[in-house]
Amino acid sequence: MTDHARSVVRTFQVFDAFARVRRPMSSAALAAHVGAPRSSMADLLRTLVDLNLLAIDRRAATYFPTARFAALGTWLPSTWLGTDDLPDALAALAAECGETVTLATPSDLEIEMVYVSGPTTGVAWRPEVGQRYSLFGSAVGSCHLGMLPTATVRTMHRRAAAANPQIPPLHRTLAEARAARRAGFGWVQGTYHPDVAALAVHLPNDSQARPTFVGVGGPIRRMVAKRPSLEKALKDFVARRSTAGRTARPRTG
């Protein structure tokens with residue numbers, strides 16, 4: 001890893017540490033979190049202060065992210081949530097299904113979780129916002145790949161397999177993409193965890209910048225038993241969003 005790349009990684013790790021502890025931290029504490037020499041950390045922190053991304057309390061010898069840093073990402077939720085009422089609608093869908101509901105968007109060969117709503121206790125699937133999964137073998141991935149030309153899917157699979165030979169084989173990927181295209185739903189079970197199944201559908205109109213997909217996931221036994229009702233719930237949800245998307249107010253961040 002080059003020195004430049006190492007600095008980029010350490011910068012991310014600094015802000016990730018703040019997101020986890022949610023309080024001011026000293027240079028020594030940050031160096032411990034990042035696993036970097038204190039001299040290198042001092043140089044990085046000085047630069048982040050100069051850029052107005054960190055504020056320093058010299059009396060307490062601590063640092064904390066600035067309002068400028070917080071403002072840099074405030075516009076992002078509108079690129080995938082689209083309208084002000086979508087989070088409430090997703091929460092209502094999770095309550096109706098009794099399982100975890102996610103909003104995800106493709107990112108090259110992966111999908112990224114951008115919103116999660118659902119049970120916080122009991123047996124449930126609990127992905128985190130920002131968590132990424134491979135397109136290949138996921139419900140969202142099958143749905144997304146089903147919208148692409150076969151030649152494009154083959155090229156993407158070849159690139160993914162070169163980096164991760166453990167992804168599902170091409171023939172299975174193509175079969176799942178065709179099934180999702182015919183049904184309008186992506187469905188997988190036991191791919192990432194032997195006890196988890198997921199169902200996903202493309203969400204039109206809501207995203208302002210990237211394609212988005214709504215998913216429902218949970219323990220296989222429950223998901224299989226409820227699959228017909230879950231498919232209906234997702235179909236009705238998309239129909240409502242298609243209507244709402246023509247009149248709802250866009251999110252302003």
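**Ground rules.** I am working with a predicted model, in which local features need pLDDT of at least 70 and side-chain atom pairs count only at pLDDT 80 or more, while totals for chains, interfaces and linings use all residues. Residues are numbered from 1 along each chain as its sequence is written, and side-chain values use heavy atoms, with hydrogens and water left out.

I traced six strands forming an open sheet in the order β5-β4-β3-β8-β7-β6, with antiparallel pairing; two strands pair if DSSP finds at least two bridges between them. The edges are β5 (132-134) and β6 (186-189), each of which pairs on one side only. Looking inside the sheet, I found five bridges joining β3 to the antiparallel strand β8 (residues 212-219), and I noted that V101 stands opposite V216 in β8.

**A residue in β4.** I then looked up E112, which lies in strand β4. Is E112 buried or exposed? With 17% relative accessibility it counts as buried (buried means under 20% relative accessible area, exposed over 50%, partly exposed in between, with a 1.4 Å probe and protein chains only). Leaving aside neighbours within four places in sequence, E112 has contacts (heavy atoms within 4.5 Å) that include L103, T105, Q131 and R210.

**Two helices.** I learned that two packed helices are described by the angle between their axes and the distance between the axes. The axes of α2 and helix α3 (residues 38-50) come within 9 Å and cross at roughly 110°; axes are lines fitted to C-alpha atoms, for helices over the stretch in contact, and angles run from 0 to 180 degrees between N-to-C directions. I therefore wrote down α2 as roughly perpendicular to α3 (65 to 115 degrees; under 35 is roughly parallel, over 145 roughly antiparallel, the rest oblique). On the α2 side the contact is made by S27, A28, L30, A31 and V34, and on the α3 side by R38, M41, A42 and L45.

R22, not a glycine, has a positive phi of about 55°; it sits in the loop between α1 (3-21) and α2 (27-34) and is exposed, at 70% relative accessible area. D108 has a positive phi near 60° in the loop between β3 (100-107) and β4 (110-117), and D108 is partly exposed at 48%.

Definitions and conventions:
Helices (H or I, at least four residues) and strands (E, at least two) are DSSP runs, numbered from the N terminus.
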